[in-house]
Amino acid sequence: MFARDPLFWRAGAVSSLIVTLVVLAMLTTDTLRVITAGGQNVPTYTVINHQIGYEYVTDRNEYMPTIGGQEPLFGKIYSPAQAEALVRHGKLVIQSRACLDCHTMFGTGAYYAPDLTKAWLDPAWEHLWMPMTGTHTRADAIAAFLQHPEQYPTWTREMPNLHLTLDEAQAVVAYLKWVSAVNTNGFPYGFKTAAAGGT
Amino acid sequence: MQERLSFPESQSLALKYFTVSVVLFGIVVVAGLLAAIDYVHPQFLYPALPFSILKILHIDVLIIWILMAFMGALFWLLPAEYGRELVGLKLANIIFWIFCATVLVVAAIFVFVQVGPGTEKTLWLVNQGRKYVEEPRWAAIIVAIGVAVFVYNIVGTAIASKRVTGVVWVVILNLVPLFFLYLIAFPAPTNISVDQFWWWWLVHFWVEATWEVMIGSIVALVLMRLMGTSRRIVETWLYIEVALVLATGVLGIGHHYFWMGAPAYWLGIGGFFSALEPLPLLGMVVHAVYDAGEHHMKMTNEPAFYWMMAEAFGNFIGAGIFGFMITLPQINLFAHGTQWTASHGHFAMWGAYCGVISVIYLALQDHRRAALFAGATWKWGFALLNGGMIGMVGSLMMAGMAQAFYERAIGGSTFNAFVSASSSPWFIEGLGMRLVFAIVFTAGYVVLAYDLLTIGKRVLETSRAGGPARAPAE
């Protein structure tokens, strides 16, 4: 009976759905394992206590994040629980201020403002905003900028003052630092940190 | 008027949904126009109404517009399939008004409150800040209840009527995942990779699977009504389309998993299956061209027919071809997250779902008892809207290609690369042209709204059918 129209095609629709759903379920299980914090591609939150870089790996033919020695954030080393709480707070700030309705992260969001995937590593903090804000570390420069972006305009599209407190700004910095250590299969391509000679 | 409808209770509710959906379409257009001005004059309305808020209104209202148009379409078309009024209409009417009030309140919150402190409370009351589902959680709960009641209307009637056609089966089986996927709108995981992984289930499986199946079912019902195509042919086509949409689209979700922390095997799987996604859409084009030839392009409802054609071609070119252009990882590495994506997004959304306008024309012809829907006004609306959209899409693509090249391929996606790409003549002129075509599109919306309000009420000078241009109204 399945050889007749339209039953033949109905059987096709049902079977193609079943096959692809089974494959999707298997891949989903594996992917969730890889993208959990501490999984193969996504670091634990304590990565904020470390130096992070982004380098071209010749034998893999792609850019990958590097995790180096200890580097305190805001002069502090965070325990796993503290680091997770700080990054959690950062995520809530990012959502509550609708950051990704102008910016993108992993290229997803809105396209009005720069991508934030590697924002922590952007050479512009050293070149532009550390001198402008009179701060001595990248983390302090980002936190100062986030609290009063209207005081440090560099372009015609300005970021509005979203009234971040110091705590909120520091939490966002921690979030950006953690995100920059996620392995994104080489996206963005060709990104150079200040240490690698980026401008 | 209403007592003349075949199923007055369901269909008068459908007309309410259509009315609100056309108003929401207007809000989408205005918010989009204002956001387009921001790219050319960044100080426009800044900081009172920043780009982010305009963008939220533009897209979130778009989603509600299409959803309400879908609901209207099914309230209009399904009673004939069941041979009876839908069940639970009293509840559906109440939900309709709650839905409208919610949209108004949420829009007011976005315009006047905008954002809040970084706490869970903000996500519940003000803004969730997740792309496409920014509405605060209280509003998301109401949307979920609204969709649940709608599922009850459709499924409950199927049970009560004991008459379920093939098309109705597809509609019902499709509504179940559509509802459950929406529940992904609520959580806020700390881990952005996990967040985006599930969020894409909601976005991809709505827009590239359940909504495609929904519009496919609606097109099937319209074809039977508009052109008298036989049920066997329509159902066969619908099953082929569903089979191809699911066979390519389910694993096609992989094209969203290239750069968000997921394993590298998604590059191959996502690239391969999403490259096949245009296939089912090509089927719609073949069918549309066949039908157009069969009927020598002559219809008693010209706008409904032409909007159905626009749907078939727009879906294939906008979602299919323009999507294919940037879906392979080799290209997506550079095109992802640029104005090129915005170009594809606009064309795909418009192409895939402008067919709801066809259903509104079809319903209005029944409602107004007009023998013929023709004239020049709908043609102006059709030409300005589609011409405006194609112009916007082309301009954005030009800007996006420049961005992919200067910012991504050469500049390495730093802040400086973003600024210098956005300052290139290609980018600036592209966004300027986009604004011009956005104004054309807006003009098209005004003509469409006017035509929807008046078509069938105006007396036409000529009639292609040879008979009276309009049946006596009373």
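Helices here are DSSP runs of H or I with at least four residues, and strands are E runs of at least two, numbered from the N terminus. With that in hand, select A:H163, which sits in the loop between α4 (138-147) and α5 of chain A.

Before going on, note that this is a predicted model, in which local features need pLDDT of at least 70, side-chain atom pairs count only at pLDDT 80 or more, and totals for chains, interfaces and linings use all residues. Residues are numbered from 1 along each chain as its sequence is written, while chains are lettered from A and ligands numbered from 1 in the order in which they are written.

Stop 1: Look at the backbone of A:H163: phi is near 55 degrees, a positive value in a residue other than glycine. A:H163 is exposed, because 12 other C-beta atoms lie within 10 Å (buried means 20 or more, exposed 12 or fewer, partly exposed in between, with C-beta atoms placed from the backbone).

Next, select A:F187 and A:P188, which are joined by a cis peptide bond with omega near -5 degrees. A:P188 belongs to the segment after α5 (166-180) of chain A.

**Stop 2: a buried alanine.** Now pick A:A83 in helix α2 (residues 80-96) of chain A. A:A83 counts as buried because it has 21 C-beta neighbours inside 10 Å. Leaving aside residues up to four places away in sequence, A:A83 touches A:Y45, A:T46, A:I48 and A:Y78 (contact means C-beta atoms, placed from the backbone, within 7 Å).

**Stop 3: chain B and its domains.** Colour domain 1 (1-188) and domain 2 (197-474) of chain B separately; such bounds come from an automatic or database domain assignment. Between these domains of chain B, 36 residues of domain 1 are in contact with 36 residues of domain 2. On the domain 1 side, α1(B) gives the largest share, 13 residues.

While in chain B, find the cis peptide bond between B:Y46 and B:P47, with omega about 0 degrees. B:P47 is in the loop between α1 and α2 of chain B. Then move to B:Y132, in the loop between α4 and α5 (137-161) of chain B, where phi is near 75 degrees, a positive value in a residue other than glycine.

**Stop 4: where the chains meet.** Finally, show both chains: 64 residues of chain B are in contact with 70 residues of chain A. Which helix supplies the largest share of the side of chain B that touches chain A? That is α8(B), with 11 residues.

Key. Two residues are in contact if their C-beta atoms, placed from the backbone, lie within 7 Å.
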